[in-house]
Structure formats: structure tokens, C-alpha cells
Amino acid sequence: MTVRDPKARQASSNRTRHLTFLSQFLARHSVPLSPEQLAPAEGVRAALATVVALLPALYFHQAVFAWAAFAAFWCCLIEPGGTAREQFRILGIFTVAGAVLGGIASLIATSPFWGVLPWLIVTGLFVGLAWALVPSMALLCALLGCVMLAGIGFPAHTLPDALTISYAFGGGGVWAIFLCLFLWPQHPYAPARRAVGGCYRLLSVMAGELAAGRLQETVHRQTIRTAIERARGVALQIDAGHASYSMRGRLIASLAGAERLFTAMLAVEHLVETRGLDFEARGTLAAFSALCQHASEAALAPVPDLEALSQEALALAGSIRVRSGTISELVATSARTLGNLADGLAEKARMPFDAEAPRHVARLTPVIWRHALRMVVGLLGTYLATQWLSLSYGFWALVAFLLVIQPSGQTTLVRALERVLGTIGGGVLVLAVSPFLPGLPEMAVALAVFVIGAIAMRAVNYTLLVMFLSAHFIIVTEMTMPSHGIAWLRILDNTVGSLIGLGCAFAVCPQGVTQDMNGLLRSAIVGNLRYLAAVLNGDDTLTTDRAQRQAGVDTTRAEFARGSLPILGGLSNVGQESEHTHKLLRSLRRLSGEVTLLRFDMAADLCVPDPEAAAFWQTKADSLAAGEPLAEIAEELESGKIRSEIAALERVDRTAPALSETLPKP
């Protein structure tokens, strides 16, 4: 890895920590911020696609041709990355289906009031039930729903007018596909690299916080676990065949390394909480934090210097004075793990990793049906509200509702707040720059800037995406259908749609919070007991990783759902039941830390497997999963009985630092 100026590195580190602190704070309150996902190059490409597609509307002075610009922008927004085949499949479906649905919607828009209502019902069912599909297809259906609603704002009184909308949309989509796949293809694995790099950056921050003695309780567990699972989902979308296999394997192996470093940091956190932190441990953790930051930079680089990273990691591991059962031992093991991983990747060796893709079954559960019903009721209510208020651009409110409403009321609350704030920000942004936009050329430049911002921020933060997105649509409307107060109308429409979405989430088929919370707690307990059984049984590394990952995911879901208003930190969920839930989740976190310490002791040959105990806890987990009452196991967890039994297991004292690596060197 190249050596940089120390002052520049310190300044970069400070900026990273400020961004990470902000992203952690927002993530704790269910508002994600992922600065490593910033994609300016993709934004510039989208700006070119959108501005060029808008030229026919400006040249012929036909607002209907602006559908080409909408299609081009939406294609760039939904562009999935990965192989050209996957991109063509998603973008092709969107272009063809969008052209057909846009034309049909424009014809229906000329119907009387009662004629539009069935179309809204069909749209609500289509988008609501699509949540049963895989995320990529659910997103595709959501954008097609936006097309179905936007068409209501462009009534076509004749069939040729409707065909014009279809041709414009199809032409814009074909132009975007041609640009994205042939003229200006981006690196297909850049989103996955950014996601993996983000995991190591968060590990760097976690190690630095531990070195400073700041225990963030659930913050690191939630943010890093979420980041790893998000990155894993992106990496597994890469086609495993042909030339993509090598890159897919490298990314998933890098994630496996991040997973195991995360495991070690959880064990360190448990040690800090139970035994304290001495000066030597602070120094080793600070050095390891810097190492993880360098690993993040290597993951982001198209051609990383893996040999230098390996040398740095192994040098750090060799410089640490190891004592059995200490933080130093865990840090040394982690550094050696990272060094061996970098060495193996540099030699293009096949590393052992879990490449099992998550299985998805399209099932129409009661939750999905409730969400579809909310979607239908909300769209009808929003349309009635726009008619009553005589909103000039009522379809904006419909689209806002469609994108705000989520199956979870808590998530809808956050999404509604983000969309309102983003829309206000976009409107203010346009009003601020309007004096500097006297003509179409200047407005086209502003449009390009806003599109760059929207696409660059699409995976960073939803509020920032909506801010630039709103500014983009306001400018396009000003250029093609100029009228007074468009920015304020956009703010009003989005606020109306967001508020109706929020009301529907909590008023239409409200979710049983207690029942769902009990189910989440049961899943978290079962997952942690199965992780304990896997460790006690001495299962292979990949099997144990899978059990720990599932336990972490289930516990994180329960922690996020504990508060009924996550934007306020869950403070609204108070009382005896909430205190009991908090205590149980805290006990689960401590149990996970003790099990992770046991896992490292077994890897270091300090403790032998206990198949009999493993079978007992596996049976207990299966019984709880089948519906056995939680009272008894909850009492044992809260009293610390299970944790004490694990801590009391016989360990072999060891004086020689013969550490076992969690990722063997190829």
C-alpha cells in the first residue's frame, strides 16, 4: 500500500470519523447513511442520459416528450450493476413494461372520476403484493407503479396521444440502456467493492471506539451487522459463472474476513465490558483500527496493494505481546487473519468462504396482504385528497405515498420524515438557484447537477436522494410546463402523500406490536442458542459463521423493533414490558460475547468441544422454535446462569502464543 503524508492521512481519518459518527447516529435511529456508496461517475452518466433525452421535448416544445427523460433517469436509478445480462434483463423489463403501462394510464386519466379508481386499486395490489418477490424485482415493480401513477397526470384524449407517451418512454429507456451497456459501461463490481470497503471502515471505527474506552452497546452490532448483510446481498447478485466467478469469490472471501474480524471485536467488546481495558490493550486496538482503515481503502481500490496490506497485518500480529485470554491475543489473531486473507487474495488462491445464496420463496403472507390493502386504501385516499384540494400536480402526491408506505409502521415513519425533509430541501435548493437560471441552457446545467447528485446519493441516504430528485423534477417541469410556484406545489404534494402514507401505516390493519415483538425475541433466542450449540459441538468454520450470522441478524431485528418510534430512539416504548425486553436483549448480547470468546478459545486449542452440551442446547433451540414458552429460558438468560456455565468451562492454560488462524493461509 502506498505511503501517504501523515498529516493528509490524519485529516482523511478525521473526516471519515465525522462521517461515520453521523452514519452511526442515524443508523441507531433507523436512518441509514452510507458514505462509501457515493457514486459520482454513475451520476455523470445519468446526467448525460437525462439531458439528452430531454432535448426533443425542448426542441419541439412538446411536454409529453419529457417522458423520455423520465425513462432515462429511472433506468439509471434502477440500474443494478453486475453483469451486462442482469442489467439488460432489469432495464429491458422496465422499459417495455413502463412504455405499455404509461400509455394505458394516460388513456385511463381521461375517464371520469370513478373510472380512475379501479386503476388505483390495480396499482396498489400490483406494488403491494410485489413485496413477496426478491428485492430487485420488488423495486422494479415499485418504479413501474410510479409510472402507472404518473400517467394519470398526462391524460391522452386519443390513441395516438397515448402511443406518443409510450414511444417517448420506450425511446428514453432504449437510449439509457444503450448508454449504460455499450457507450459508457461502469465497472460492474464497483457497488460491491464499496459495500465491502464500508464494512472494514466500520470495523476500523469500532476498534477505535473500543481503544478509547467508549462502549456503544448495540450501535456497532447493529451498524456492522447491517453493513455486512447488505454487502453480502450485493456480492451474491454477481453472476457466479464465467469471468465473474473470480471477482465474486474475492468479494465474498473479503466479507468472510470482515465477518470474522467482527466476531473478534465482539469478543473484545465483551472483555472490555467485563474485565476493563489497560494501556497496552488500548495501543493494540488503535493500531488494529488503522489496519482496518487500510483494508477498507484496499477494498475500494480497483487494483489494491494486497501484499503491502498483508505485510502490515502480519507485522502488527508479530509485534503484539500475546497472553492467553486477553484482548491482545484476540487482536493478534485478527491481524493475522487479515494478513492471511490479503496474502491469499494477492496470490489469487481460492479462499474458504460461504457462498450460499439466501433462498427466497415468493409467499403471500398476511403481512404482505395487509400491506397491499394499506396501499389500495392509501392511493384511493390520496387521489380523493388531491381532487378535493385541486392540486395541479396531484400525481406527485400519489407517487410520494407509493414510495413512503412500508409494511412496517416504524419504517414508514422514518421514510415519511426523510421524504418530507428531502422534498423541502429540494424545493429550497431550486428557489436558491433560480435567480441564476435565466434561460434553458442554464437550467439544463442545473438539471445535470441535480441528476448527478441524485444518482450519486441513491445508495448513500434517502433524504439526500429525495432532495436532488425533487430539484430534478422541479427543473424539468419548469423547462417543459412552466408555471408559477412549482417548487411549493412539489413540497405540498409530497407532504400530503407522505402524511397519508403515515396515517395508513398506523390506522389501516395496524400490526400487532406485542405479538411481533415476542416472535422477534423468540427468533433471537433460538438463533443465539443454535450459535452456542455450533460452537460447543466444534462445527467447521463456515457452519459456525452461518449460525453466528443468523443469530446476529435475528438479534439486530429485535433490537431495532424494540422502540415504537425509532426516530426518537425508541423512547415511546416504556413500561415494565419494555424494561423486560431491554434486559433480555442485553442478556443475549452478553451471551453472544461469551460464546464468541469460547469460540476463539477453541480455535486456540484452549478448550475442547462438548458434543453432549451442544446436543442439549440444539434440542432446546428446536423446542423453543416449535413454540415452547419463553419464560424459563428468559429467566436463565437474565440471571446470567447460561453465561456463567460457559465461562466456567475448563480452559487449558497456555504460555506459548501458538495461535490458530480462522482463515488458513493457502
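In this predicted model, the accessible surface of the protein chain comes to about 28,100 Å², and 64% of that surface belongs to carbon and sulfur atoms. Buried residues make up 54% of the 666 residues in the chain, which has 25 helices and 0 strands. Among contacts between residues at least 6 apart in sequence, 81% join residues that are at least 24 apart.

Side chains of opposite charge can pair when their charged atoms come close. The count for this model comes to 6 salt bridges, and the table lists some of them, including the distance between the closest N and O atoms where R194 pairs with E42.

| Salt bridge | N to O distance |
|---|---|
| R194 and E42 | 3.4 Å |
| R458 and E42 | 2.6 Å |
| E628 and K620 | 2.7 Å |

R194 forms a salt bridge with E42. Because R194 lies in helix α8 (residues 190-211) and E42 in helix α2 (residues 40-60), this pair ties together parts that are 152 residues apart in sequence. R458 also forms a salt bridge with E42. Since R458 lies in the loop between α17 (440-456) and α18 (462-480), while E42 lies in helix α2, that pair ties together parts 416 residues apart in sequence.

R194 and E42 are both buried, E42 having a relative accessible area of 6%, whereas R458 is partly exposed at 22%.

In the salt bridge between E628 and K620, E628 is partly exposed, with a relative accessible area of 25%, while K620 counts as buried at 15% relative accessibility.

Notes
Residues are numbered from 1 along each chain as its sequence is written. This is a predicted model: local features need pLDDT of at least 70, side-chain atom pairs count only at pLDDT 80 or more; totals for chains, interfaces and linings use all residues. Side-chain values use heavy atoms; hydrogens and water are left out. Helices (H or I, at least four residues) and strands (E, at least two) are DSSP runs, numbered from the N terminus. Buried means under 20% relative accessible area, exposed over 50%, partly exposed in between (1.4 Å probe, protein chains only). Contact means heavy atoms within 4.5 Å. Accessible areas come from the Shrake-Rupley method with a 1.4 Å probe; for residues, only the protein chains shown count as cover. A salt bridge is a side-chain nitrogen of Lys or Arg within 4 Å of a carboxyl oxygen of Asp or Glu.
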